[in-house]
Amino acid sequence: MNSLTIIVCSLLYLGLLFGIAFWAERRERTLVARQKQSLLNNPYIYALSLAVYCTAWTFYGSVGQAATQGINFLSVYIGPTLAAPLWWIVLRKIIRICKVHRITSIADFISARYGKNRGLGILVTVICVAGIIPYISIQLKATAVSFALLSGQSSATHKPSFLTDQAFYMTLLLGAFTILFGTRKLEATERHEGLVTAIAFESLVKLIAFLAVGLYVTFGLFNGPGDIFGRASQQPALQASLTFGPGHSSADWFWYTLLSIPAILFLPRQFQVAVVENVEERHLNKAMWLFPLYLFLITLFVLPVAFGGKLWFGNTGLDADGYVLSLPLLTGQKGLALLAYIGGLSAATSMIIVETTALSVMISNNVVMPWLVSRPAWQLKLGNQSSRFVMYTRRLAILVLLLISYGYYRDVSDRFSLVSVGMISFAAVAQFSPAIIGGICWKNGAQAGARLGLIVGTAIWFYTLIVPTLVPVLLPESLLNDGPFGLSFLKPQALFGLTSLTPIAHSVFWSLFFNVGCYVWGSINRPQTALDHNQAILFVDVFQFNRPSENTAIWKGKVSVDALRKLLITFFGPEQSQKTLERFARRNRLMDRQSYADPGLVTFTEKMLAGAIGTASARILVSSIAKEDPITVDEIIRILKTSQELMTVNKELERKSNELQQLTRQLSETNERLKQMDQQKDEFLSTITHEIRTPITSIRALTEILHDNDDVDTATRQQFLGTVIKESERLTRLINQVLDLERFESGRMRLHLEPLLLRDVIKDAVEATGQLASEKYVDVQFLADCPPTPVVADRDRLMQVLINLLSNAIKFCEPEKGRIIVRLVVEGTTCNVSVCDNGAGIDPALHELIFEKFYQVQGDHRKPKGSGLGLAITKKIIELHNGSIDVDSQPGHGSVFTFQLPLSTG
């Protein structure tokens with residue numbers, strides 16, 4: 001493929017990244033003004049940004065490793081997957097600590113935890129730079145090699161000068177992009193909206209590109225994974241790669257998996273996106289399963305591509321790291337090859353951009369600024385230009401880091417595989433594990449132990465991994481073969497006679513062994529300082545303190561508010577500084593004209609500065625203007641205990657307040673319920689009085705007519721007497737209902753239980769209501785979908801239930817169109833009876849209310865005649881039989897009343 005085409009596509013892609021980042025930054029400013037949610041406040045963007053873990057090593061190197069070592073490549077992805085469920089415990093705690101203390105990097109974290117020690121910050125920064133430069137170099141190597149392969153220059157034997165090397169110009173271009181979107185803000189704790197959005201986009205691009213190549217190789221060049229693995233199993237070399245044979249020891253799996261667990265947390269780029277750029281802790285909930293899913297997808301076709309390349313190219317000597325590009329390119333799929341190149345470019349550039357941004361913050365905040373702010377002459381010389389100086393320092397650091405990495409790529413890493421160099425960087429950041437994990441879990445972890453562990457562990461890492469890479473270039477080969485000065489037990493790759501492990505596993509074992517040992521020994525044997533002890537408590541118990549930067553301030557001295565204001569103005573300008581101080585004063589109810597700062601304001605100022613120039617530099621600056629008296633450990637413990645007691649009291653008051661509010665709400669609801677019941681009672685009495693008066697009035701009128709008129713004919717007399725009898729029966733039923741309800745509620749109702757067939761009771765009830773149904777021309781049917789089954793019940797009361805349900809159904813059915821079905825079924829140990837009609841139906845909101853004794857009399861003047869006690873009594877009877885009743889109904893679609901009774905067990 002033409003080189004110019006590749007260069008144009010590369011520039012267009014980087015231009016697209018520029019556009020995405022610029023759009024995201026502009027959108028953020030607009031949304032902030034409108035107080036709306038930004039892109040970073042999205043768990044999917046957050047999870048995709050974590051995929052910066054998958055670099056060119058993943059895109060190209062995993063295939064190369066799989067081609068030679070088979071399934072051994074999976075170890076560096078299994079580790080993060082296994083560790084992901086623990087993120088809510090470990091990573092969430094680190095995020096909370098960093099937000100509280102405005103921590104911006106790994107170096108800042110360790111420095112702040114161990115007494116805000118400047119030396120520790122410098123040490124961690126040096127380790128990061130030394131450990132990560134090889135990792136950056138392999139990204140440049142992957143970019144250069146993929147360009148050469150795609151453009152047909154891979155056969156070149158000579159190394160071009162840097163002026164004609166595309167990798168050099170790509171390095172400068174990436175430096176410009178990183179500077180534009182990684183160093184736009186002074187406060188490193190502020191979110192890089194554009195940068196993170198671009199990284200999330202690149203994560204999608206590299207995933208899509210790798211899946212596209214994998215699908216093409218698996219189903220285009222071969223007939224699926226079965227075909228590939230079937231052919232591979234016929235070749236001894238490839239067959240061995242599928243099993244735990246030679247070169248696949250469980251020890252290697254253990255150490256490689258172990259290395260990848262701290263790498264996903266403590267690589268500077270991972271710390272940047274997972275911790276510093278985190279907006280909401282709850283985003284971890286989605287990242288804990290989305291990120292492992294991403295790892296699964298991007299490694300899904302690694303083995304098919306690796307084995308496919310081996311089968312397709314045979315022993316031609318083609319570098320397996322390039323199979324992702326070579327397979328589509330040499331089979332005529334130039335478009336797919338270009339997509340693969342863009343995917344690899346995404347993997348490399350995303351790592352370089354985030355890594356150099358994080359390292360530049362570490363260099364400025366932990367190396368340059370502490371040295372400058374500790375010299376008053378430099379403070380005076382910089383004046384209000386301090387913030388600009390910090391920005392220029394970071395930008396220069398980015399360029400220097402990239403140029404050093406480019407030099408390392410040309411002279412060292414170009415001779416090694418992507419995976420081998422990447423594992424060296426993993427082993428370097430693993431040295432932070434004891435200091436960080438111990439720092440957030442063990443209060444006795446001390447500054448001396450952290451320093452000693454880091455120095456010894458890193459020295460062993462450097463000696464056992466970095467020194468061997470320099471042997472062909474700067475050091476004699478006898479160092480590897482015989483050891484220094486002929487001391488064989490000091491051979492870098494067989495230290496103390498350990499020869500059974502691979503170089504990476506060997507280095508990790510000895511470096512972590514001495515690192516952990518020195519950390520524990522130094523912490524136990526060297527007492528903590530007061531500040532060290534204070535920071536230990538604030539880090540380990542971070543969840544127990546509410547805004548510890550203000551409520552648990554440990555400071556004893558004297559400094560004016562004006563001095564602190566001037567210090568903030570130096571870095572943040574007068575407007576932002578004034579707003580910040582006013583916001584603090586309002587939140588803590590401080591007086592506007594307060595002359596001297598309280599401990600909370602001093603600590604708050606230090607936190608603000610820490611977000612811009614690091615904790616060590618902030619500590620130096622505040623100490624330079626404040627007359628601080630020494631504070632003892634006992635005073636620290638007393639202050640922290642007082643703070644905890646206050647917080648406990650506040651939590652208890654808050655709990656009591658919530659309980660009081662809940663009780664008040666319950667009392668209010670009860671009061672409303674009582675008012676409603678009182679109103680229902682009045683309406684019930686009014687309705688009952690009306691219902692009783694109506695038949696009495698009718699009976700009295702008819703009997704008076706018969707009494708005063710002896711000449712009434714026989715037919716009319718019989719009609720009047722029949723009406724009197726019906727009204728008397730109606731009155732009797734009403735009185736019986738009231739008496740029954742009273743007996744039910746007082747517990748005096750006694751059932752006459754006997755074995756009976758429910759179908760017989762239903763038939764009698766249908767016959768008893770037959771006349772009523774005939775008068776309205778309503779069709780009533782009885783269906784029994786079960787054999788005769790006995791129940792133990794009170795026959796009269798069940799008749800009362802069924803007649804009431806049937807009467808209601810008939811009452812609400814339209815004349816001549818009504819249809820009622822009574823169905824009897826047995827399900828398990830219960831007998832179900834349903835009365836279904838096609839009447840008016842009932843609103844679902846009223847389904848519970850219709851069984852209440854007073855509900856019938858509410859509101860609707862068009863309600864049917866009756867006391868409204870029928871369903872209330874029905875429910876009581878069913879419940880006395882250890883059954884239940886419910887209704888299923890919609891307005892205009894009829895109703896289904898169903899009650900369940902237990903079957904007889906006799």
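Please keep in mind that the model you are looking at is predicted. Its secondary structure comes to 35 helices and nine strands. The chain exposes about 41,200 Å², and carbon and sulfur atoms supply 59% of that area. Take the contacts between residues at least 6 apart in sequence: 81% of them join residues at least 24 apart.

### How some helices pack

Two packed helices are described by the angle between their axes and the distance between the axes.

| α7 (residues 118–151) and α17 (residues 334–373) | within 9 Å | roughly 160 degrees | 24 nonpolar, seven polar, two charged |

Let us take the pairs in turn. The axes of α7 and α17 cross at roughly 160 degrees. Angles over 145 degrees count as roughly antiparallel, so α7 is roughly antiparallel to α17. The crossing of α7 past α17 is left-handed.

On the α7 side, the contact is made by L120, L123, V124, I127, A130 and G131. Facing them in α22 are Q447, A450, R451, L454, I455, T458 and W461.

Helix α6 passes α21 in a left-handed crossing. From α6, the residues I106, F109, I110 and R113 take part, and they meet A435, I436, G438, G439 and I440 in α21.

### Two loop residues with a positive phi

Now look at the loop between α6 and α7, where you will find K116. This residue has a positive phi of about 55 degrees although it is not a glycine. Is K116 buried or exposed? With a relative accessible area of 12%, K116 is buried, because buried means under 20%.

For N882, go to the loop between α35 (870–880) and β8 (884–889). N882 also is not a glycine, and its phi is positive at about 60 degrees. The relative accessible area of N882 is 66%, so N882 is exposed; the cut-off for exposed is over 50%.

Which residues does Y323 touch? Leaving aside residues up to four places away in sequence, Y323 touches V63, A67, V305, A306, G309, K310, F313, L318 and P328. Y323 itself is found in helix α16 (residues 323–330). At a relative accessible area of 2%, Y323 is buried. Although Y323 and V213 are 110 residues apart along the chain, their C-alpha atoms are separated by 9.8 Å.

F229 has its place in helix α10 (residues 225–232). Its relative accessible area is 27%, which makes F229 partly exposed. If you trace the chain from F229 to G308, you cover 79 residues, yet the C-alpha atoms of these two are separated by 8.8 Å.

For a residue in a strand, turn to V833 in β7 (residues 830–837). V833 counts as buried, at 1% relative accessibility. R823 is ten residues from V833 along the chain, and the C-alpha atoms of the two are separated by 5.7 Å. R823 is also one of the residues that V833 touches, not counting those up to four places away in sequence.

Notes. Residues numbered from 1 in each chain as written. Predicted model: local features only at pLDDT ≥ 70, side-chain atom pairs only at ≥ 80, totals over all residues. Heavy atoms only, no water. Axes fitted to C-alpha atoms, helices over the stretch in contact; angles between N-to-C directions. Helix = DSSP H or I, 4+ residues; strand = E, 2+ residues; numbered from the N terminus. Parallel < 35°, antiparallel > 145°, perpendicular 65-115°, else oblique. Left-handed = near helix turned anticlockwise from the far one by under 90°. Nonpolar A, V, L, I, M, F, W, Y, C, P; charged D, E, K, R; others polar. Contact = heavy atoms within 4.5 Å. Areas by Shrake-Rupley, 256 points an atom, 1.4 Å probe, with all protein chains shown as cover. Buried < 20%, exposed > 50% of the residue type's maximum accessible area, 1.4 Å probe, protein only.
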